[in-house]
Amino acid sequence: MKIVGIAACTSGIAHTYIAKEKLVTAAKELGHEAHIETQGTIGTEDELTAQDIKDADVVIIAADIKVGGKDRFKGKKIVEIPTHIAIKSPKALLNKIEEELNK
């Protein structure tokens with residue numbers, strides 16, 4: 001499964017980067033590919049490319065605030081969750097998404 005997404009928290013520091021790291025690590029361990037953009041106090045980092053989005057099977061938005069650029073994902077399956085879900089249960093989240101996509 002190819003995953004793209006956005007991580008963003010209220011302060012734009014800790015939870016943003018922890019959520020990204022947990023999702024990327026869990027994806028790799030489960031045999032998936034993930035590219036997660038961060039949106040925070042220092043702006044957007046690791047910005048998703050049009051090709052990343054085109055190739056993606058699912059978009060995960062792990063955010064506690066409103067994120068920008070969601071219009072880029074038109075026509076894609078989007079899963080929106082708070083950052084704490086990505087941090088505490090990233091593998092369970094990815095397994096559930098994969099199960100839903102395979103229905």
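Buried means under 20% relative accessible area, exposed means over 50%, and partly exposed lies in between (1.4 Å probe, protein chains only). This is a predicted model, in which local features need pLDDT of at least 70 and side-chain atom pairs count only at pLDDT 80 or more, while totals for chains, interfaces and linings use all residues. Residues are numbered from 1 along each chain as its sequence is written, and side-chain values use heavy atoms, with hydrogens and water left out.

**Exercise 1.** Let's start with Glu 29: find its salt-bridge partner and classify the accessibility of Lys 91.

*Solution.*
- Step 1: A salt bridge needs a side-chain nitrogen of Lys or Arg within 4 Å of a carboxyl oxygen of Asp or Glu. Glu 29 pairs with Lys 91, with the closest N and O atoms 2.7 Å apart.
- Step 2: Glu 29 sits in helix H1 and Lys 91 in helix H4 (residues 90-101), 62 residues apart. Helices (H or I, at least four residues) and strands (E, at least two) are DSSP runs, numbered from the N terminus.
- Step 3: Lys 91 has 37% relative accessibility, so this residue is partly exposed. Glu 29, at 52%, is exposed.

**Exercise 2.** Now work out which parts of the chain Asp 46 and Lys 20 tie together.

*Solution.*
- Step 1: The salt bridge between Asp 46 and Lys 20 has its closest N and O atoms 2.1 Å apart.
- Step 2: Asp 46 lies in the loop between strand E3 (43-45) and helix H2 (50-55), and Lys 20 in helix H1 (residues 14-29), so the pair joins parts 26 residues apart in sequence.
- Step 3: Lys 20 is buried at 17%, whereas Asp 46 is partly exposed at 43%.
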